[in-house]
Amino acid sequence: MARIGVFVCHCGENIGRTVDCPEVSRRAALLRDVFYSVDYKYMCSDPGQNMIKDAIREHGLTGVVVASCSPLMHEKTFRRAVTEAGMNPFLCEIANIREHCSWVHEDRKAATDKALDLIRIMVEKVKHNVALESIRIPVTKKALVIGGGIAGIQAALDIADGGKEVILVEKSPSIGGHMAQLSETFPTLDCSQCILTPKMVSANTHKNIKLYTYSEVEKVSGYIGNFQVTIRKKARYIDESVCTGCGICQEKCPVKKIPSEFNEGLGMRKAIYVPFPQAVPNKPVIDREHCTKFINGKCGACEKLCGPKAIRFDQTDSFITEDIGAIVVATGYDLYTIDKKTDNTLKGYGEYGYGKYPDVVSGLQFERLVSASGPTYGELKRPSDGKTPETIVFIQCVGSRDAAKGVSYCSKICCMYTAKHTMLYKHKVHNGKAFVFYMDIRAGGKNYDEFVRRAIEEDGAVYLRGRVSKISQEDGKLVVMGADTLSGAQVEIKADMVVLATAIAAQPDIVPLAQKLGVGYDQYHFLSEAHPKLRPVETNSAGIFLAGACQAPKDIPEAVAQASAAASKVLGLFSSLELEREPYVAKVNENTCSGCEFCLMACPYNAIERREIKNRRGEVIKTVSYVNEGKCQGCGTCVSICRSKSIDLMGFTDEQVYSQINAMFV
Amino acid sequence: MNENFEPKIAAFVCTWCTYTGADLAGTSRLKYEPNVRVLRLPCTGRIDFSLVIKAFENGADGVLISGCHPNDCHYNAGNFHARRRFAIFRKLLEFTGIDPNRVQFSWVSAAEGAKWRDVVNAVTDEIRKLGPFNEYQKLIHDSFPFRHEDSGAEEISEKEQVENVK
């Protein structure tokens, strides 16, 4: 007979406030096969865990149900505790009476009844649990970092410095990301490229880092410690091993008028180009769409002029497959585009005239306009006529914090970079006037508020609390109509230039990658961390970690910190010889398996194989399915597709699930 | 219809998306109806629809199935299997005269705590409107009068309890 122990946790007040825990414990004791039942303030504390251990030893329990928080939170804790008392960890189950009960209900009676129901369901399950052994799997000690911005570079360098191999994949022709586009960085105003380029160079030259630029992750299979990743190396039409990066091809290419991505469309580039002078690797790439050779077969100037003969017009995409142990996703962000020309979800700001008036620019475009490596070589000239703007208006929260017209979240970095922009502007145009329309100033961070105060007090930026309703053009000026809610006045500013602090958005092509990786994402396509507070760099897919703005808007220090955190998680993972995995795998009953092979077709991991059953004379009497435990991930799709009920999923067997259902409504 | 009728609803959810999403609803302290009993499975692909029948057999008035959004399945395609099976299962329900609205299907991701609240409330309302599912239970009773002997889960009397600490 089963002897089940039930342990009801109050979680301080968290459960006890809405669930009558002593009552639940008393009633749980009356359930069939429940031998011992007790409630305690904090079950996860040492004394709480000791209560469980003592009860197992004293009463010879055959199963344990802990009614507490979500199993995703403390299942491991309690399973470890029962193991210490000599019980198999898989004989311990959690009834989730906090996240699924006390926190979501207000009626004390209903919550108490529900808590008891949840316990009864778990008691019935645990009665049918069997002792299982964890599966041990080896770890490939090589990491993949996706994205070569500051977060990806930092994570790759940290892992490489820890002595482990890293593959760094970047989709654009150079690493560096958005940080390479910035002019100066807050709150110190040090030049972005000066602090970034040494890191880019180290990432390229580090003996443990293999860099794949202009490459994308094509396919991911496997699981923690044992991923197989296929990388598509897009055709550069250049033999990188031969190219010296002399730049003559770029100089002589006759196709000139292509808007430069690096300069946010404000400058032009050639059809064969290095995105920016400090690019790593400093090897050009041919833009197939604009190259005359690809369009009509003529030209070929670069090929003729290239000294080392590195041009390869016949190059095709190549594929590289790597065995990987852990993955860091550092794909970064994109700016919400707000012009009407692009097909984007953010439509609400047509009245700001972005895309219509050339002097209405985004924050990132302004960075390029004041950057020494930008299209104007650091001289601030407005895009329409090259005049130095004498009055400039910055508008914050364009798209952010307004679910009706954009996104509901705060983009976090705009308050700070707008303050920085006003300072950069005043340092370049001493007599200029800078106005900022803001909703709130959010300057939390070390030396951040001081930085904003400096912009206002020392550099004389005028901050107006209010929104802008409309921007129109009049006599070569932009008329900005807005409100100053602190003085209650309507404001009209005739400006030479307007800078919009547009919302930070997720990468537009992140969803297919997230789906390849099996990583969750929210409604705005930011990738989901495993726990918002306690596991901010892990994802729900074991072995895959997050770094930087792909998870949420972040500034540089935060992105770097998270990258280092992800790297330390990877190094921690790599420091173990082998991993333990939950033994939730499918098992075939060979006696009843009819060999229909439906499960072979259903299995997403090709974990099911055919096995021949032979008699003593060695003749095959039938073919059955056989589950390769190393490959099986335990989804259970084969179980529900099996016609003869011959496959079962350990940990979620039919017996367990049916008895749970039987106990659901009594 | 009985005004005070509180429906009993069984929910079969996957652990990666909906269970985690329901956890998020809890962590965010969102409030919803207490009628749903959640059963955690690794994936919606594990949901054999005889589980749904079993839930009705045991007195459920409605069933909710929820997993990851299409293409987001942790196991690549389990939710597609569930969706296909559900499409056929609905036809079967219609054929047998059971209101297909008693079985609801939804996608709730791990980041959609608020959606889980809305789904639970909507399903509870829907089933409350449909009323108790007596027809099915009567049918079961008529067909298998011996069934209710021992489901093994009912509370036993205090005397029977050998050692009942606290």
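Q: Helix axes here are lines fitted to C-alpha atoms over the stretch in contact, and angles run from 0 to 180 degrees between N-to-C directions. With that settled, at what angle do helix H6 and helix H15 of chain A pack?
A: This is a predicted model, to start with. In it, H6(A), residues 150–161, packs against H15(A), residues 556–574, at about 35 degrees, and the two axes are 8 Å apart.

Q: Is that crossing of H6(A) and H15(A) left-handed or right-handed?
A: Right-handed.

Q: Which residues make the contact?
A: From H6(A), the contact uses Ile150(A), Ala151(A), Gln154(A), Ala155(A), Asp158(A) and Ile159(A). The H15(A) side includes Ile556(A), Ala559(A), Val560(A), Ala563(A), Ala567(A) and Leu571(A).

Q: And by class, how many are nonpolar, polar and charged?
A: Twelve nonpolar, three polar and one charged, for the contact of H6(A) with H15(A).

Q: Another pair, then. How do H12(A) and H13(A) cross?
A: Helix H12(A), residues 414–428, and helix H13(A), residues 448–457, cross at roughly 35 degrees, with axes that come within 9 Å. The crossing of H12(A) and H13(A) is left-handed.

Q: Which residues of H12(A) and H13(A) make that contact?
A: H12(A) supplies Cys415(A), Met416(A), Ala419(A), Thr422(A) and Met423(A), while H13(A) supplies Tyr448(A), Phe451(A), Val452(A) and Ala455(A). Eight of the residues in this contact of H12(A) with H13(A) are nonpolar, one is polar and none is charged.

Q: In what sense does S3(A) pair with S1(A), parallel or antiparallel?
A: Parallel, over five bridges. Across that pairing, Val8(A) has Ala67(A) of S3(A) as its bridge partner. S3(A) also pairs with strand S4(A), residues 92–96, in the parallel sense over five bridges. There, Val64(A) is partnered by Cys92(A) of S4(A).

Q: Where's S7(A) in terms of burial, mostly covered or mostly exposed?
A: Mostly covered: four of the five residues of S7(A), 165–169, are buried. Strand S6(A), residues 142–146, runs parallel to S7(A) and is joined to it by five bridges. Ala143(A) sits opposite Val166(A) of S7(A).

Q: There's a five-stranded sheet too. What is the strand order?
A: S20-S27-S21-S22-S23 in chain A, an open sheet with parallel pairing. Strands S20(A), 360–362, and S23(A), 462–465, are the edges, each pairing on one side only. From one strand to the next, the twist averages 25 degrees.

Q: How many bridges join S21(A) to S22(A)?
A: Five; S21(A) covers residues 391–398 and S22(A) covers 433–438. Thr391(A) stands opposite Lys433(A) in S22(A).

Q: Now chain B. How many of its residues are in contact with chain A?
A: 54 residues of chain B are in contact with 56 of chain A.

Q: Which element of chain B gives the most to that side?
A: H1(B), with six residues. By class, the side of chain B that touches chain A has 24 nonpolar, 16 polar and 14 charged residues.

Q: And H2(B), which of its residues are buried?
A: Leu51(B), Val52(B), Ile53(B), Lys54(B), Ala55(B) and Phe56(B), which is six of its eight residues. The cover of the buried H2(B) residues includes helix H18 (654–662) of chain A, together with S1 (9–14), S3 (62–67), S4 (103–107) and helix H5 (134–143) of chain B.

Notes. Residues numbered from 1 in each chain as written. Chains lettered and ligands numbered in written order. Predicted model: local features only at pLDDT ≥ 70, side-chain atom pairs only at ≥ 80, totals over all residues. Helix = DSSP H or I, 4+ residues; strand = E, 2+ residues; numbered from the N terminus. Left-handed = near helix turned anticlockwise from the far one by under 90°. Contact = placed C-beta atoms within 7 Å. Nonpolar A, V, L, I, M, F, W, Y, C, P; charged D, E, K, R; others polar. Pairing = 2+ DSSP bridges. Buried ≥ 20, exposed ≤ 12 C-beta atoms within 10 Å, placed from the backbone.
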